[in-house]
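Visitor: I would like a close look at a single part of this protein, and then at how the rest is put together around such parts. Please begin with one residue and take your time.

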Amino acid sequence: MKKTLSFLCAIVSFFMLSAQIIEVKPENPTADDSITITFHADNGNMALKDFEGNVYIHTGVIIGTADEPSGWRYVQGNWGKHDPRMLMKKIAPNTYQFGFNIRRFYKFDKEEPFLQIGCVFRNEDGTRVAKTENEKDLFYPEMKTYPNGILEVVDGRDGQDIGNFAGIKAIPNGILVQGTRKSIQFTYYSDEVIGVSFDPNREEPAAYSAAVVGVPHTWTHTIDKSVANATIIRWGNNRYAISIKHSPMRLTYYKDGKTLATDELGFFIDKTEG
């Protein structure tokens, strides 16, 4: 009975594996990992099934929103020509492999979030192009979907949380609230208008937001650090305030003692929002 069960499990595993168009090892890599892509030509649209000539990968990275597959960046491949750098190694009938280090291969900046690898496979002149069975480009990894929308996988994490409160740094016309991972920049335009920017660099201020029409001014404010597990910024004769909870970093905005807005689960960046 055990032998029969093992045999059936092996058959199921084989068919599950062979049904995949591409495999990536290691799974869910970070931007700095070296990976191997295995392409199964007998799946998907099968444009290269039993093909005897050279097979090339044509690939790019997605660093924008996951629902924008046209947003390939740092594309690698010389379409329609012999390109030794993109040549795949045939390891079995209808099975090809290609290995590389993600960041070094695509040459994208450390500040740009790596979301997905996009790829197709072609013959030398590009007349045969392997995609999904629905003629779609191939993407890895699959994006996770939540009730509030798509959250991108960024270096192995969903989105980017800012971490815990680490300190406050004065900048021209505002302050930089530093988290243990990233920072938030507050820029003063008037008592009623405060620009809030997510800053990927913990130490330096970000560029002023084009979403605010106006000129930033010197911000006269006070900082109260005596509150338990929170720091409070006050201005406008104490009519306005921002409370910064320390762990996890969480923002609450007040006017005349009334709550205007608050972060429900801490300061978390979903890159699909902008």
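**From one threonine to the cores**

Guide: If neighbours within four places in sequence are set aside, threonine 231 is in contact with Phe165, Ile168, Ile223, Asp224, Lys225, Ile242, Ser243, Ile244 and His246. Everything said here refers to a predicted model. Threonine 231 belongs to strand S20, which covers residues 230-235. Its relative accessibility is 2%, so threonine 231 counts as buried, the limit being under 20%.

Glutamine 185 is placed in strand S17, residues 183-188. With a relative accessible area of 1%, glutamine 185 is buried. Its side chain makes a polar contact of 3.2 Å with the side chain of threonine 187.

Now to the nonpolar residues. As a general rule, nonpolar side chains tend to be buried together in soluble globular proteins. In this model, the largest nonpolar core has 31 residues. Ile37, Phe39, Phe100 and Phe121 are the ones with the most contacts inside that core. Several elements each supply at least two of the core's residues: strands S1 (22-25), S2 (34-40), S3 (56-62), S6 (95-101), S7 (116-122) and S9 (138-140), together with helix H2 (102-106). There is also a second, separate core of 15 residues, and among its members are Ile175, Trp219, Ile233 and Trp235.

Not counting residues up to four places away in sequence, isoleucine 37 touches Ile22, Glu23, Val24, Ile57, Met88, Tyr96, Gln97, Phe98, Phe100, Ile117 and Phe121.

The aromatic rings come next. The description of a ring pair uses two values, the distance of the centres and the angle of the planes. There are 11 aromatic pairs in this model. In one of them, the ring centres of phenylalanine 39 and phenylalanine 121 are 4.0 Å apart and the planes stand at 10°, so the pair is stacked. This pair links distant parts of the chain, since phenylalanine 39 is in strand S2 and phenylalanine 121 in strand S7, 82 residues apart. Phenylalanine 39 is buried, at a relative accessible area of 0%. Phenylalanine 121 is buried too, also with a value of 0%.

Another pair has a different geometry. Phenylalanine 98 and phenylalanine 105 have ring centres 5.8 Å apart and planes at 70°, so this pair is edge-to-face. Both phenylalanine 98 and phenylalanine 105 are buried. They also belong to one aromatic cluster, formed by Phe98, Phe100, Phe105 and Tyr106.

Arginine 122 lies over the face of tyrosine 56, at 4.6 Å from the ring centre. Arginine 122 also lies over the face of tryptophan 79, in this case at 5.5 Å from the ring centre.

The loops hold a few details of the backbone. In the loop between S1 and S2 is proline 26, and the peptide bond from lysine 25 to proline 26 is cis, with omega near -5°. That loop between S1 and S2 also holds asparagine 28. Its phi is near 50°, a positive value in a residue other than glycine. Proline 141 lies in the loop between S9 and strand S10 (144-146); the peptide bond to proline 141 from tyrosine 140 is cis, with omega near 0°. Asparagine 173, which is not a glycine either, has a positive phi of about 65°. Its place is the loop between strand S15 (165-171) and strand S16 (174-179).

Last, the whole protein. It has two helices and 24 strands. Among contacts with a separation of 6 or more, 50% are between residues 24 or more positions apart. The accessible surface comes to about 15,300 Å², and carbon and sulfur atoms account for 52% of it.

Terms used
Residues are numbered from 1 along each chain as its sequence is written. This is a predicted model: local features need pLDDT of at least 70, side-chain atom pairs count only at pLDDT 80 or more; totals for chains, interfaces and linings use all residues. Side-chain values use heavy atoms; hydrogens and water are left out. Helices (H or I, at least four residues) and strands (E, at least two) are DSSP runs, numbered from the N terminus. Buried means under 20% relative accessible area, exposed over 50%, partly exposed in between (1.4 Å probe, protein chains only). A polar contact is a pair of N or O atoms within 3.5 Å; within protein, one must be able to donate a hydrogen and the other to accept it, and residues adjacent in sequence count only if both atoms are side-chain atoms. A nonpolar core is a set of buried Ala, Val, Leu, Ile, Met, Phe, Trp, Tyr and Cys residues joined through side-chain atoms within 4.5 Å. Contact means heavy atoms within 4.5 Å. Rings of Phe, Tyr and Trp (its six-membered ring) pair if their centres lie within 6.5 Å; planes under 30 degrees apart count as stacked, over 60 as edge-to-face and the rest as tilted. A charge sits over a ring if NZ of Lys or CZ of Arg is within 6 Å of the ring centre and within 35 degrees of the ring normal. Accessible areas come from the Shrake-Rupley method with a 1.4 Å probe; for residues, only the protein chains shown count as cover.
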